[in-house]
Amino acid sequence: MKTEFINAVDKINQATWQLLADSSSPFLNYNFFKALETSQSVCSERGWQPHHLLCSKFDTAQAILPMYIKQHSWGEYVFDWAWADAYQKHGLPYFPKLVATAPFTPIATTKLISNNIALPEVFSALTEHCQEQNIHSWHILYAPEIDNQLLTASNVFARNTVQFHWLNRQYENFNDFLASFTARKRKNVKKERLSIAQQNIKVRRILGKNITPQELEFFYLTYQLTYLKRQHSPHLTLDFFAQVLATMPDNILLIIASIEGDDIACAWFFFDDHQLYGRYWGSTQECNNLHFELCYYQGIEFCLEHKLQTFNSGAQGEHKIQRGFEPVLTHSYHWIKHLGFRPAIQQFCQQEQQQMQHYLEHCQQFLPFKSAV
């Protein structure tokens with residue numbers, strides 16, 4: 001099998017990409033990655049140099065692994081700052097590194113786009129490439145779980161994080177979902193939702209094809225405000241959102257809150273045939289419980305109406321537990337070139353995996369359901 005690394009997504013045939021993807025997931029869609037690059041949301045100037053792996057046999061593409069040469073660890077959500085600090089203390093470079101991910105998107109997907117090749121089958125190609133180039137490690141983030149024997153054979157270390165997902169257990173409607181809660185937790189959710197009406201807040205859901213330019217501009221204003229409150233610059237440009245809205249309208253949901261006709265907050269979601277993905281939130285004024293309503297409860301209702309099985313609300317957020325989001329493990333994989341650092345990083349990963357398992361079990365104790373789900 002021939003392997004090569006491509007420095008721009010538009011150098012890969014779109015029809016070939018989509019045929020290999022064979023999925024409704026927006027985070028495997030060619031247009032998602034193209035919008036990231038052509039909008040300059042990811043580029044070498046921002047520390048994200050496209051470096052996509054293309055595998056082919058007899059001049060026919062067999063697999064694509066979207067990847068980036070990184071000069072920092074921003075926008076990944078699997079944090080390796082401590083590793084970079086340890087390298088620096090020893091006078092060694094940690095960057096550049098090679099990362100397979102959907103940028104700024106901590107969503108578990110089949111990162112290797114292929115009909116017949118499994119992810120471990122490209123480990124050796126990635127390792128060989130890093131050995132030959134000035135690349136100090138490779139990382140595959142938010143991927144399906146891989147058998148430990150396959151990882152050990154390739155000197156690859158696994159890491160876990162915990163996210164909180166809503167799971168559709170054949171609920172008929174939102175009240176049916178709430179009926180699975182204990183009385184006290186159910187009362188709390190009803191109180192939060194009632195407060196929205198009491199504040200005279202109206203909420204509307206808009207599918208991608210119906211989002212107006214004015215609504216997109218208002219969303220981007222609130223998106224920017226969210227980052228500015230944390231004294232960060234937004235990762236994504238307005239052009240990125242405009243492009244995905246034009247090319248992927250059937251994968252986008254925008255929820256807007258207003259008071260007396262004036263829009264005050266937004267939540268942006270992607271969705272596919274099976275899942276809803278909560279991505280971005282912002283507001284121009286503070287209102288009690290509005291974040292919970294737009295980012296969680298409205299999303300659950302959308303899942304119920306459209307028979308979606310899972311609602312992935314994004315990274316972190318223990319406050320989601322009491323609102324019916326269950327802890328789940330995510331999986332990432334890491335190869336380190338420097339032989340001296342491998343034992344310490346391997347030990348770090350093993351200890352972290354144990355901690356994440358304990359944390360998941362701890363979180364399960366606080367679920368709001370009447371009995372174990």
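Student: What should I know before I start?

Tutor: This is a predicted model, where local features need pLDDT of at least 70, side-chain atom pairs count only at pLDDT 80 or more, and totals for chains, interfaces and linings use all residues. Residues are numbered from 1 along each chain as its sequence is written, and side-chain values use heavy atoms, with hydrogens and water left out.

Student: How many salt bridges does the structure hold?

Tutor: Side chains of opposite charge can pair when their charged atoms come close. Here, a salt bridge means a side-chain nitrogen of Lys or Arg within 4 Å of a carboxyl oxygen of Asp or Glu. The structure holds 13.

Student: Are K70 and E76 buried or exposed?

Tutor: Buried means under 20% relative accessible area, exposed over 50%, partly exposed in between (1.4 Å probe, protein chains only). K70 is buried at 0%, and E76 is buried at 3%. Their side chains form a salt bridge at 2.5 Å, N to O.

Student: Which parts does the pair R159 and E352 tie together?

Tutor: The two side chains meet in a salt bridge at 2.7 Å, N to O. R159 sits in strand β9 (residues 157-167) and E352 in helix α11 (residues 342-364), so the pair ties together parts 193 residues apart in sequence. Helices (H or I, at least four residues) and strands (E, at least two) are DSSP runs, numbered from the N terminus.
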